[in-house]
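Dear colleague,

I am passing on the structure below, together with some notes on what came out of it. Please read the notes with the coordinates open beside you.

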Amino acid sequence: LDPTLKLVQDNPCLTEFFTSVLALQEPSPCILSFTLRLAGILAASKNCFQHLQQEKLLVKLFGEDGPLNSAEWEDASVRSGWLEGVCSMMCHQPALHFICSGGGIDVIFTLQGDPSLFVASVASSLLVQMLILSITSETTEPLSSKDCDWPACAQIIIKHIEDSLQSSSASRIEQSLKLLTILFRNCHAAWTEAIWLGIAKQIESFVTERTVQAQHMLANLLLNVARSPVFCDTGSFWALVTSALEHLNPVHAGPLAVGILKLYQCPQDVNMKALTVLLQPMDCILRAASQPLEYAGSLDESASDPTTVESLLSSKSSCVTLLCQTLAHLKELLSLVSLPVDLPYTSLLRSVMTILQFCNGFLSPASPLGNTISRILVNCFRVQRSALDVLAALAEQRGCDSLIVSLFDVLLAYLESPNTNPTVLKKTLKATSEWLLYLRYWSCSNNQWQDAEKIFEAVFLALQKRLCSPCWEVRDSSLEFITGLIERLKGCDVFRKLLLSLKVPRLIENLLEDPESYVRASAVTAFGSLAFINVSAPQSPVGENKYSNENIVTKLQEILSSDPEVFPRRAVISFFYEWVHTGELEDTEQFVSRVIQTVENDLDWEVRLRGLELVEVFCGYTICQLGPPRWPYAPVSSAVTSSAHRDEPLQVFCRAKLFSFLFRSLCDCDKPVAEKACSVLLGLSTSFYPVDTLKHSQETGNAPAERGIAWLQRTLRQGSLAQNFPIDGDNGVDFQDPESMTLALRTIDLKELHNELNKSSDHVEKSPQSLLQDILATVGTTEENDADCY
């Protein structure tokens with residue numbers, strides 16, 4: 001049986017509901033909208049559709065006798081519900097015939113121009129759905145030629161599209177363009193070529209004569225057609241795309257151009273034209289910045305009339321829009337693994353640098369256009385941010401060596417200027433970081449260490465001022481910049497020597513006491529990363545600087561135990577987690593022991609969770625004793641599982657007081673902490689005892705800690721260990737005794753606890769009964785429950 005039909009037949013209340021809503025004189029719009037949606041969902045089943053039709057419900061809901069001619073139709077939610085209902089049922093031929101024969105298709109045509117944009121959008125999507133259903137369900141022969149024998153419903157929709165495109169109404173033209181865009185985006189069948197052939201001339205006239213205001217719709221339509229494999233070898237179509245790249249407004253041609261360059265089946269001449277569209281504004285910038293008759297542009301020919309781009313760049317609103325869009329497109333292209341064309345990286349870098357110089361007022365061009373652009377762009381944060389994004393992306397390319405010194409002049413001007421916006425400064429630091437990596441490559445390949453050292457020193461001197469900025473965002477961004485540099489350049493001698501010889505480490509240490517907690521957290525990360533500098537330079541004596549690993553760890557431990565806000569403490573425990581991974585600690589056992597004794601009393605659950613992750617790594621190292629830990633721990637050989645070998649790591653864990661931390665965390669009030677503690681304990685149990693040796697408490701009658709372990713298991717089941725922790729040992733549990741912990745790992749059913757902790761609480765909190773109880777509890781007290789989560 002059809003499950004939907006069975007549902008309706010087994011629950012006559014559904015059809016009674018429809019009948020009762022239809023009987024209302026003035027039904028609520030939201031109730032009526034819901035009814036239409038529900039009926040459409042049920043009618044998606046062919047059998048249920050026929051059943052509802054026999055009951056004459058569908059005609060009363062979706063036909064002329066329904067809400068179409070009622071006062072409720074004025075409400076957008078009712079029109080939306082009607083469309084959604086039709087969309088849902090449009091899964092079979094009977095539903096298609098029902099809508100077409102009952103005049104419903106004319107209603108949908110009208111709703112294409114609905115004042116509600118949501119309703120209009122659904123109407124266009126529905127027409128596409130009906131067109132595809134009509135052709136796929138009512139044709140037996142493939143449709144691919146111009147003279148297609150279209151089914152009746154398809155003929156109506158196609159004629160509507162063609163008539164709308166030829167009308168003098170701008171809104172009707174835009175509606176059809178939107179419909180066609182949806183069609184070619186969702187359907188790549190061969191018959192779509194026949195539809196395109198019927199409208200191609202009209203689209204071409206829109207492109208060349210610029211008779212349509214909605215040029216962005218033309219660009220979207222052409223791009224969706226270009227993505228269809230049906231048109232990959234159609235020369236006439238690509239000729240139209242080329243024409244569109246030449247004739248469309250550069251603001252609208254840009255999205256089409258970048259979309260074309262991301263495809264693989266485009267002819268090379270079209271790709272070159274698309275690239276020219278994107279480079280033309282950058283070329284215009286170079287020409288505007290040059291002296292008269294120098295023509296420092298990069299293009300041999302323009303994609304469109306250069307005066308069009310110049311006029312856009314001469315207007316404040318269009319200049320900023322065009323440059324931001326162009327820069328965003330170029331950044332998108334630079335992020336791609338491969339491109340069908342080669343970008344002129346040097347010219348592109350020069351143009352981006354020119355834009356940044358325009359923006360900070362450091363460039364005074366002689367040309368009239370350059371003067372206009374410089375007045376528009378000065379202190380324009382939007383363009384600065386976009387240009388710096390492209391500048392950072394260009395650092396991954398090679399071949400820009402000739403501009404490296406002048407490039408850092410531009411970056412340093414932004415780093416040193418007190419007028420640089422904090423957000424722009426953050427982007428500047430990101431770009432500087434990327435280009436410092438390039439500088440390292442450049443200095444190695446060209447033996448330019450002296451120039452590289454000067455640039456590094458200038459950057460650090462500018463950074464020192466930024467670390468003392470009264471703006472906390474600037475201090476924070478500067479610290480993040482330092483941390484990133486240390487991570488990526490710790491092996492560079494020039495960088496390392498300058499960092500330690502200048503005042504940067506001392507400034508970082510001072511910021512550990514910054515009044516802003518975000519800054520303190522970033523300072524913690526930066527201060528901790530100094531330890532990686534020491535690791536990467538073992539040849540330098542530790543005594544040469546006071547920022548030895550021991551001093552760094554001691555300082556951060558103090559912050560972990562005393563900072564009143566969570567962000568610095570989270571930063572400390574995150575660094576400790578990374579530090580344990582390095583294996584550089586002299587006494588890892590003592591270090592971990594001190595950390596967890598601090599962490600277990602922390603009020604922030606994320607700090608406690610990170611502490612458990614640190615314990616997990618430590619356990620892995622101790623058990624494996626080889627490289628990085630594998631989790632869950634792999635079973636070791638039988639020789640290693642002997643009592644002597646098993647006791648050694650257990651003794652280490654007991655001395656470090658790991659088990660008291662793990663078992664207490666097992667009953668943590670924050671679920672993620674308890675889950676992680678259970679996972680670590682279960683991993684330890686599996687590592688020591690690969691074969692399931694779980695025993696009932698009566699099997700351990702001779703065990704010396706029987707009473708204590710039994711108490712421990714009962715307490716864990718009650719989830720109350722944290723409140724009843726046996727600090728005095730009265731319950732017979734010694735968490736530092738290897739024999740007791742061995743018995744605990746073998747006896748306590750950690751798998752059951754793990755399953756309980758992993759069980760979702762939805763069955764308690766989101767059951768229908770719970771929801772109903774919540775609803776009933778709010779009856780009569782709505783004013784007090786305005787923000788109820790339901």
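**Helix packing and the nonpolar core**

In this predicted model, helix α18 passes helix α21 in a left-handed crossing. The two helices, α18 spanning residues 316-334 and α21 spanning residues 381-394, pack at an angle of about 20°, with their axes 9 Å apart. Since angles under 35 degrees count as roughly parallel, that angle makes α18 roughly parallel to α21.

On the α18 side, the residues that meet α21 are V320, T321, L323, C324, L327, K331 and L334, and on the α21 side their counterparts are R382, V383, S386, A387, D389, V390, A393 and L394. Sorted by class, this contact is made up of ten nonpolar, two polar and three charged residues.

As for the chain as a whole, its secondary structure comes to 40 helices and zero strands, and of its 790 residues 51% count as buried. Among contacts in the chain with a separation of 6 or more, 71% are between residues 24 or more positions apart.

The largest nonpolar core has 264 residues, and those with the most contacts inside it are W196 and W435. Helix α16, residues 268-289, gives the most to this core, contributing eleven residues. If neighbours within four places in sequence are left aside, W435 is in contact with L349, L391, A392, L394, A395, C400, I404, L407, F408 and L411. Of these partners, L394 is also one of the α21 residues that meet α18.

With best wishes

Technical notes
Residues numbered from 1 in each chain as written. Predicted model: local features only at pLDDT ≥ 70, side-chain atom pairs only at ≥ 80, totals over all residues. Heavy atoms only, no water. Core = buried A, V, L, I, M, F, W, Y, C linked by side-chain atoms within 4.5 Å. Buried < 20%, exposed > 50% of the residue type's maximum accessible area, 1.4 Å probe, protein only. Helix = DSSP H or I, 4+ residues; strand = E, 2+ residues; numbered from the N terminus. Contact = heavy atoms within 4.5 Å. Axes fitted to C-alpha atoms, helices over the stretch in contact; angles between N-to-C directions. Parallel < 35°, antiparallel > 145°, perpendicular 65-115°, else oblique. Left-handed = near helix turned anticlockwise from the far one by under 90°. Nonpolar A, V, L, I, M, F, W, Y, C, P; charged D, E, K, R; others polar.
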